[in-house]
Amino acid sequence: MGAQAALAAQGPLPVPVQTALERAQLPPDAVSVLVVDAAGGTPRLAHRAQVPMNPASVMKLVTTYAGLELLGPAYVWQTPVYIDGPVRSGTLQGNVYLRGQGDPKMVMERLWLLLRRLQGQGIRQIAGDIVLDHSAFVLPAHDPAAFDGEPLRPYNAAPDALLLNFKAVVFNLVPDPAAGVARVQMEPPLAGVQAPATVPLAPAGTACGDWRASLRADWSDATRVVLRGAYAAACGERSWAMAYADPARYAQRAVEGMWRELGGQLTGTVRSGTVPRHLEPAWVATSPSLAEVVRDINKYSNNVMAQQLWLTLGWQQHGVGTPENARAAVRQWWRTRWDEADLPAMDNGAGLSRQTRITAQALARMLQAAWASPVMPELLASLPVTGVDGTLRRSRASARAHLKTGSLRDVMAVAGYVHATDGRRYVLVAVVNHAQAAAARPVLDALVEWAAQGQ
């Protein structure tokens with residue numbers, strides 16, 4: 001699809017879309033749209049398709065497609081485990097080393113299995129330290145409050161070569177009306193961090209409402225979370241994921257907390273460091289496949305997983321995962337397929353940025369190439385389905401489509417594939433950049449419905 005073909009199709013927006021724009025009080029120049037057959041040809045609709053726009057999380061399509069092509073759907077991340085010293089009567093006379101290599105899904109359950117396997121080596125006590133090697137990624141300092149002033153939101157977690165459980169803490173709340181409390185369990189256990197065992201129940205008959213705000217959580221002390229409010233029994237059992245207030249210490253606290261909960265003893269500390277050159281891994285923990293990881297990234301718009309994949313591309317090609325190396329890897333991949341045309345401006349691979357830019361034309365061209373690619377099934381299966389799952393589970397669009405969504409303050413976007421009533425498949429890219437972008441959901445739904453009607 002060339003630039004001239006896109007321009008040839010430049011014309012007025014469909015009437016239902018114009019009507020939706022008027023109702024949302026959005027001007028036409030706030031929208032960039034391209035609808036074209038996935039197999040190629042002249043676009044059905046092109047409106048400001050060559051204007052660079054901020055696509056928010058839709059940029060994850062570039063990251064995940066590049067990952068699938070460059071690494072392959074079966075790619076897995078490996079986390080080597082090293083044992084430095086002899087084991088005598090259940091005690092390791094030395095250190096344990098964990099080398100992070102970018103695994104995006106080293107969640108609590110997998111960390112538990114890793115430490116259980118360490119115990120399976122006959123180790124019950126470690127006379128030395130547990131050393132965490134983060135050196136595969138070299139990253140600038142990260143302020144979780146910098147983007148939107150919400151440092152405890154899990155989506156603001158920073159990437160890490162040894163990313164554990166997304167640096168998140170989950171509070172599980174279970175009402176016990178007989179005792180007048182809700183029981184609280186914190187996962188994972190964090191060494192040195194105290195959490196309340198219970199929180200008072202709100203008066204009988206209290207509606208659930210905004211139960212998170214009602215709990216009035218206080219993380220001002222990273223070693224002690226305080227819940228100053230009450231919990232309504234009407235809420236039933238709930239789980240609340242929060243980013244840990246001291247992310248730089250999260251990995252150390254999580255590893256030590258879980259090791260001790262498993263009954264393990266530790267004479268030394270859990271600390272950061274690097275693996276000695278002479279050591280060979282005792283074993284390697286392996287992540288789910290990239291095809292599974294891409295599904296999590298796109299279905300649920302997981303920012304830190306997208307950044308882990310993006311940085312892995314830089315690590316694989318340049319030996320260390322840095323933002324500069326990740327950008328270079330994606331630029332090189334893009335240029336081998338589409339030259340310099342509409343090269344995307346990537347900030348962090350996730351779209352959680354005010355600087356990211358791409359044109360609808362460039363994104364549509366990429367999605368057409370993906371449709372003809374051997375990795376098309378994996379990419380398509382990773383996209384949310386309208387009204388079915390992921391970020392589109394509550395979509396009101398009746399048309400069937402696989403679409404990645406994106407939203408930030410002043411940004412609303414969708415991109416992917418619409419399955420038309422005439423049996424054809426259309427690539428649809430629609431991006432809204434405007435102060436009132438939050439009102440654009442009916443506009444995007446109208447575009448999806450129009451595209452699904454076919455020609």
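1. Lys-167 is buried, with a relative accessible area of 10%. In this predicted model, Lys-167 belongs to the loop between E8 and E9. The backbone of Lys-167 shows a positive phi of about 55°, although the residue is not a glycine. Most residues other than glycine have a negative phi.

2. Asp-160 sits in that loop too, between strand E8 (130-133) and strand E9 (168-176). Val-284 lies 124 residues from Asp-160 along the chain, and the two C-alpha atoms are separated by 18 Å.

3. A second residue with positive phi is Arg-216, at about 50°, and Arg-216 is not a glycine either. Arg-216 is placed in the loop between H5 and strand E12 (217-221).

4. There is a cis peptide bond between Glu-187 and Pro-188, with omega of about -10°. Most peptide bonds are trans. Pro-188 is in the loop that runs between strand E10 (181-187) and E11.

5. The structure holds 1 disulfide, and this joins Cys-208 to Cys-235 with an S to S distance of 2.0 Å. Cys-208 comes from the loop between strand E11 (198-200) and helix H5 (211-215), and Cys-235 from the loop between strand E13 (224-227) and strand E14 (238-243), so the bond ties together parts 27 residues apart in sequence. The link of Cys-208 and Cys-235 is right-handed, with 110° about the S-S bond. Both Cys-208 and Cys-235 are buried.

6. On helix packing, helix H8 (residues 303-318) meets helix H9 (residues 323-338) at an angle of about 85°, and their axes are 7 Å apart. H8 and H9 are therefore roughly perpendicular to each other. H8 contributes Trp-310, Leu-311, Leu-313, Gly-314, Gln-317 and His-318 to the contact, while the residues from H9 include Pro-323, Asn-325, Arg-327 and Gln-332. By type, the residues of the contact of H8 with H9 divide into 8 nonpolar, 5 polar and 1 charged.

7. H9 also packs against helix H3 (residues 60-71), at an angle of about 80° with axes 11 Å apart. That makes H3 roughly perpendicular to H9. From H3 the contact takes Val-62, Tyr-65, Ala-66, Glu-69 and Leu-70, and from H9 it takes Ala-329, Val-330, Trp-333, Arg-337 and Trp-338. The contact of H3 with H9 has 8 nonpolar residues, no polar ones and 2 charged. Ala-329 and Val-330 of H9 are also listed in the contact with H8.

8. Which domains does the assignment give for the protein chain? Domain 1 covers 15-74 + 289-453, domain 2 covers 78-142 + 248-286, and domain 3 covers 154-243. The centres of domain 1 and domain 2, taken over C-alpha atoms, are separated by 38 Å. Their contact takes 11 residues from domain 1 and 11 residues from domain 2.

9. Thr-91 lies in strand E5 (residues 91-92). Thr-91 is buried, with a relative accessible area of 14%. Not counting residues up to four places away in sequence, Thr-91 touches Pro-86, Gln-125 and Ala-127.

Key: Residues are numbered from 1 along each chain as its sequence is written. This is a predicted model: local features need pLDDT of at least 70, side-chain atom pairs count only at pLDDT 80 or more; totals for chains, interfaces and linings use all residues. Side-chain values use heavy atoms; hydrogens and water are left out. A disulfide is a pair of cysteine sulfur atoms within 2.5 Å. Helices (H or I, at least four residues) and strands (E, at least two) are DSSP runs, numbered from the N terminus. Buried means under 20% relative accessible area, exposed over 50%, partly exposed in between (1.4 Å probe, protein chains only). Axes are lines fitted to C-alpha atoms, for helices over the stretch in contact, and angles run from 0 to 180 degrees between N-to-C directions. Angles under 35 degrees count as roughly parallel, over 145 as roughly antiparallel, 65 to 115 as roughly perpendicular and the rest as oblique. Contact means heavy atoms within 4.5 Å. Ala, Val, Leu, Ile, Met, Phe, Trp, Tyr, Cys and Pro count as nonpolar, Asp, Glu, Lys and Arg as charged, and the others, Gly among them, as polar. Domain bounds come from an automatic or database domain assignment.
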